[in-house]
Structure formats: structure tokens, C-alpha cells
Amino acid sequence: MMELFLLAGRQLRRKKLRVFLIVLGIAIGVAAVIGVTALGEGIRVQAVEQIKASHDLTTVEVSAGAEAGNVTLITESKIKAIKQEENVLFVAPYVKDSYVTQNNTYLAVKGVTPEYRGIHSNLQLEQGNWFDESTHSNYTQIVLGYDVAKRLAVTEDLGVGDEFGAKIRLYGEEGPPRDKSTVVKIVGILESAGDEHDNQVFVGITEAMEMDEKDAYDGLLVKVDDPAFVASVREKIEEIGLNAQSAQDVIDEVNRLMVAVTLVLGFFSGISLVVGALMVVNTMIISVYERTREIGLSKALGASDLDIMKMFLAECLIIGVMGGILGDLLGIGFSVMIDLVGKPFLVSTLGGELGASLQAGSITAITPSILAVGFAISLVLSIVSGLYPARRAARLSPLDALRQI
Amino acid sequence: MTVETKGLTKYYWMGKEKVVALDGVDLKIEEGEFISIVGPSGSGKSTLLNILGCLDSPTKGKVFLDGAQVDYRNKRSLVILRRKFLGFVFQTFNLIPALNAVENVEYPMYFNKPLKSKSERKEKAMKLLALVGLEKRANHLPSELSGGELQRVAIARAFANGPKLILADEPTGNLDSVTGRSILDLLTRLNNEEKMTIIMVTHDFESAKRMGTVIRILDGRIQEQER
């Protein structure tokens, strides 16, 4: 076996320039695939990191489950079941309603528990206090989200301490909808949270449920002690018929998207590999022609078809190994270049937060598996391309081959 | 190795024209003989040699090597015959340019692998080179050797797998007469020392006569056999 490769190496050394050119051809193809894949992988890693930084990975969002027309509501008993699961720290149910003021301004109301504020730590008071559910009064205490507060201050001249009348429309199971009135008092205003909470109005959950007369919650946040157990908790929740989501879903989505994009890009950049493969086919066919006499001679001296085939394939294998190594090196070079040249361009084009986040890290990621695949591609490519010429060589009749000059 | 042919016939088709290369050749060669086949070009002598050497197959007729009939349809058995029992010497030497002299001699042993280890093979190749008087040129590439030296290497190579029959196709054809004579002397010496059968094709009748049995061939038929 060893000698087979020594012999093949000897043959290749006699046509160094030709071999160098094929190896370079394959290597460039491999490098292109590696560069593109590394870019895809780099962006994927960045995106996932960003999601991890901005999302709470230990929270599962639960909503009512709907399966085959059956709706499973988030009831008290379901919550009790979830609370008893392992690794669950606490749960924060909430309800969603919409109130309308006397001036017909709609308010998106969320009835929440203190635990809800514990999970969304970005809900911080700018003025006033949170509602105190222990003191029962004849008005409903509300806390305004940043944007709502601004809107109400401008349109209705309302601020902390102000009371106003509001209505909620109830859709019963029977009969026409009816309106229910209440008096609300603004007890606090929040700082900007930078998300959907800025447009919401918060109410204590007990009062909210008294108002809307619902007997189930609209949503539930489940806090898990460790991100590693999120998946198992989710499964348990789904087992009892509820719908559960976590930041992992977003990460999975990004992963799927980026893997698909990278595969497509890698595939098309791999077209350059076809050129490399054709070079191997071409060179090996020429080599078979040039060495026809030698093949005939080898057969006369006792070589079988398989021996001849192995000799040619060994040369292809050496070309493949060299192409793989050089391709990996060039691929690393490519991705360094993408980082140096491509990153400033991407950052300036994307601008804003996304651009800034790219600035921090590298936009390409070379993993051992990318390099291994690059190497394997080169190997497989050169062997497959060598099959036809090698077979052609093996099938030569020894006499015809010897006669050829 | 004894060689026997019965009614050996070979046709070629050149377009629509049938060319008769061999026309019912009956031949019997004893173990250890040195046979020269002479005849003008186109007489069929090379075809006969190629068929005996399992490089070509007959249209009709039978070939027996050591009494066993050669099955020309069985490619594998032809490979084994060539590998283990036959040795070739060509007019144009046919050394592999990428390999030096000793590696060229080793080359056929490579296909006969189970026989020896790498070092044993090299040792044997060196012995064969010494036999043809070229041990000092062992590490030279073919491009660095003269015509006579190339043919000596080729003869050493033909002996590599310990063949029982050597087939030489105009081994002196590309050499000047002095060198040619030394090659023939070498073949004669090896024939005497190693006791294998040698069949040589040549058109040099005078030197053929000195070697041993001469078979004259013309238009695919054996004209006469002189001992």
C-alpha cells in the first residue's frame, strides 16, 4: 500500500506544474465553500449570542393550547400542576383586556402579579408606585406604560394621581355584549422598557379578573431555575395540553434559517468545485494517454486491471489530500479576509444595533467540522473524478497499449 | 517451460480486408531451449510471440504452456501467467522513466507482492542487476543510461519474478551491432545459467543461427525449423 503511494508520488513529481495547478484549482473551490460556510456559521453564532443576551432563557411563555378544535385554557388547576413540576421556580399568570376611556381612547390592559415584574425586570417606575392590591378601594389602581402615559398626558391631560372613568366590553357566551364601567386611578408611570410594555397599562390581576369576569388566564410565564431544564419543562407543559414557547424557539428558528442559507450558498459556491473536478478528469485522461505504453508494459509485466486502476486512483488521492490541505488553509485565509474586508462593509450597511453587535465579534467562524468537510470534499472529488480515467487506463488492452507510440 | 501450439491461427480485419497473420502454426519447444523466430516484417513472427506471451489471443488453435492449455478468455488466468511465468524484453526497452534502474527491476515484483518484502525485493533486484553487469548503475534513471544499458536493465526486469519463459521481441533492433551482440551473449549466458526457455523474434538470421534453434516464418506459416 505504502509503495503504491510512493510510486504515485513519483509519477506526480514528474509533472509538478500540472499537479500544482489542479491542486490549486480544487483548493480554491474548497476555500470558497469554507469561506461561505464560515461566514454563515459566524453570522449564525452572532445572531444566537444576541438572542441569548436580549432574551430570558429561563422563562417559558405559556398560552392556551388549541389542538384539533379543542381549546385548553390556563386554569388555576393547570397552574397548580405546572408549579409542582421540578425545576419550576415560580409562575406569573396574566390576563389581557382592553379598556376604553370616556374620550374613546383604547387602553391595552394587562392584569399582572408581582412575579410578572420579577421576570420582566425592565419594568421600572418613573413616577408614583405600583398598585397595592391589599388595600381595597372603590377605584381600580393602574400603572401606565411609558408611551401610554405620554399619550394620555397629551390627549386627555392625565397624570399620576388622576382618576377617570373607563369601560370594558364583556362578551358573554349568551346574549349581546354588555359594557361595564369602572373608575380607574393612575398610581404610577413606568420608564421606557423598550418593548411592547411601553404601550400597555398594568392592573393587579385580581382586580382585572373581577372586571373582565374571566375564569382563566390569557397567559402564563414560567420561570425555570436553569436554561438546561427549559426544554423538559416545556414538554411537561405541552403534555397537559397548553402551548409553550421559549427563547430557544427563536434560537432554533435562527439556526434553521442560517443553516438553510449557508447550505444554499455553500452549494452554489461549490459549483467552482465542478471546475476543479473537470480539471482532474482532464489531467488524468491526458496522463492515461501519455502513459499508455507504460500501462501496456505494466500489464505485460503482470499488473491486473485492478493494479492499474489503483495506481491512477492513488495519484488522484494524493492530489485530493494536497487539495484538501491547501483548500483548508486558503479557506481560513478567505474567512480572515471576509472578516477584514467584509465586516466593515456589513457593519456600515446594516447600521444601528445589528451593525454594532457585529462590530464586536468576528463574522466568520471556522469550526473543525467545516475544515473536515472541506478536506473530505476535496478527497471525494478527486477520487470520483479519477474513476473514469483510471477505469479507462485499466481497460486498455496490453498489446494495443504497447503498440502505441 | 515447454511450449506447444496446435493449429494456431490469427486473422485481423483491416477495414473489410482479412489479414492472415498466423495460418495454422504447429510448434513444439522443449524446456530450456533458446528459440529464434526469424522472418521478414509482416510474416507473423511478432503476432506469434504476443500470443505465446498472453498479450494477444488467437482466432483459432490451442497453446499449451507446460502442457496446460491457455484459456485466452479468462483474463485473470492470463494476468497470473504473465505475472508468475513469463518475462518480456522489448525492442524499445520500455523502462519506466520515473523509476531508476533498480526500481525498474523491482517493478514487476510489486505486482507479485505476497512473494517478498520490500527489502527482499530490492536485494533480489540488485542481484539481477549484478547478473547483467549493471549493479553500479542501479540508482540511475533511464534517461541517464545508454541503449545497451537500458536493454540490460530490461532483461534484468524480465527475470524479476523468476519466469520460466522469456519472450524477447527484437531485443537488438534498436542497438548497434556490437552492443546487440553483447545483449545476445547475455541472453545466451542467462539461458545456460538459469535454464529457462527463451523465445526471441529477430530478423537477423546470421546471429540467430549462432544461438540455437531457428524457426523461419513466412506469411503466417512455419517454413523450416533448424537445430
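Predicted model: local features only at pLDDT ≥ 70, side-chain atom pairs only at ≥ 80, totals over all residues.
## Where chains A and B meet

A:Asp305 and B:Lys75 form a salt bridge, with their closest N and O atoms 2.8 Å apart. In total, the count between chain A and chain B is 3 salt bridges.

Which elements of chain A give two or more residues to the side that touches chain B? They are helices H1 (2-13), H10 (292-300), H11 (305-350) and H14 (398-403). The largest share of that side, 6 residues, comes from H10(A). By residue class, the side of chain A that touches chain B splits into 10 nonpolar, 4 polar and 9 charged residues.

Here is the interface in brief:

| Item, chain A with chain B | Value |
|---|---|
| Residues of chain A in contact with chain B | 23 residues |
| Residues of chain B in contact with chain A | 26 residues |
| Area buried between chain A and chain B | about 2300 Å² |
| Share of that area from carbon and sulfur atoms | 56% |

Now for chain A itself. Chain A has 14 helices and 12 strands. Its radius of gyration is 35 Å, well over the 22 Å that the globule rule gives for 405 residues, so chain A is more spread out than a compact globule. The C-alpha trace of chain A spans about 110 × 45 × 40 Å along its principal axes.

How much of chain A counts as buried? The share is 46% of the 405 residues. Among contacts in chain A between residues at least 6 apart in sequence, 80% join residues at least 24 apart.

Technical notes: Residues numbered from 1 in each chain as written. Chains lettered and ligands numbered in written order. Heavy atoms only, no water. Contact = heavy atoms within 4.5 Å. Buried area = accessible area lost by both parts, 1.4 Å probe. Salt bridge = Lys/Arg side-chain N within 4 Å of Asp/Glu carboxyl O. Helix = DSSP H or I, 4+ residues; strand = E, 2+ residues; numbered from the N terminus. Nonpolar A, V, L, I, M, F, W, Y, C, P; charged D, E, K, R; others polar. Rg over C-alpha atoms; globule rule 2.2 N^0.38 Å. Buried < 20%, exposed > 50% of the residue type's maximum accessible area, 1.4 Å probe, protein only.
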